[in-house]
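Welcome! Take a moment to look over the structure below, and then we will walk through a few of its parts together.

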Amino acid sequence: MPSKFKLPIIDVSPFTTDSSDRAAKLEVAKQIHKACRDVGFFYLTGHNIPQEIMDKTLKLGYEFFHLPDEEKFNYSITKQDNARGYQRLGEGVTKYQKDWNEALDFYKPVPRTHPLALKKLPIGGENQWPEKPSEFRAVFNEYKDYMLRLGDQVMRAIALSLGLEENFFNKFLDDCFWVMRISGYPDLRSASGKDRVGFSLGEHTDYGLLTFLNQDDTKGALQVQTSDGDWINADPLQGAFVVNICDMLNVWTNNIYKSTLHRVVHKGDSYRVTVPFFYEPNYDAKVEPLEACLQIDPVKHHEPIIFGEHLLKKVSGNFEIIDHNFL
């Protein structure tokens, strides 16, 4: 029997409009606390990001994925650092199983003196910006700036939800190692033969801090697991982001806030496009259970983690590199 559970809708405008109404902020923080504790996913409204740019990122993503393969392969992750750039269908893997989507990844730029660059490690290279569509880079850079601001604002709300000062997390986020992905999902039923797979994107938790998902109007694709084990759809809601908390917030809160399993199963005639923005801690941020959360549960469920080391380990296992020389 289908679950009756629905993701909550939270209006965060008291945090995005520079409101001085502390009571309104505390009410939002209370709603976020419940959502993060109970399911780890919610719809976010009142974000103050123009619908026009949200729509434009989806449109540009669609146009890029419908370029000829040889043009997309010019931006392959294999031509950079095996992380930044384009991944073709079947190149991404989740829990060692092939996924059926294509994607284009961008990360916070790193200087040549950064350990990632000096050691030529994954994510230590440079972003590969497509020349087509022509406005791609400008639009996504503008969008990235909007999302960094929103991430800061939501983390202020989360700080209050934990009984902390609004600016508590600033020192961990003032050099946010952001990640921005554009994902394209053809009909899962189009995979055949050796490419036949069970999921467009296998079940997983996100390994950063917060994910803000901008998605097109495709329904029945994104699925979230509830606490009772049911899978529910997180269908698009006009003008809203789907937000989920990730592994680092799970660690900081000592499991009080859930990093929830989710997956994508797209079986429809449309080509689905999403733009997830991953708002992350600083690369060198040390993440460990907070004292405020240990007062609720004194058993420490996690050891300290350096976010960048955790990220590098995860990214290194994300792809099954495919030879493109068949073209």
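## A residue in a loop

Let's start with Leu121, which is partly exposed, with a relative accessible area of 27% (buried means under 20%, exposed over 50%, and partly exposed in between, using a 1.4 Å probe and protein chains only). Leu121 sits in the loop between helix H5 (115–118) and helix H6 (136–161). Helices here are DSSP runs of H or I with at least four residues, numbered from the N terminus.

Leaving aside residues up to four places away in sequence, Leu121 touches Asp81, Pro115, Leu116 and Leu312, where contact means heavy atoms within 4.5 Å. The C-alpha atoms of Leu121 and Thr57 are separated by 29 Å, and these residues are 64 apart along the chain.

## How the model is read

This is a predicted model, where local features need pLDDT of at least 70 and side-chain atom pairs count only at pLDDT 80 or more, while totals for chains, interfaces and linings use all residues. Residues are numbered from 1 along each chain as its sequence is written, and side-chain values use heavy atoms, with hydrogens and water left out.

## One face of helix H3

Thr57 is one of the buried residues of H3, which also include Ile53, Met54, Leu58 and Phe65. Seen down the axis of H3, the buried residues fall within an arc of 165° (taken from the directions from the helix axis to the C-beta atoms), so they line one face of the helix.

Note on methods. Helix = DSSP H or I, 4+ residues; strand = E, 2+ residues; numbered from the N terminus.
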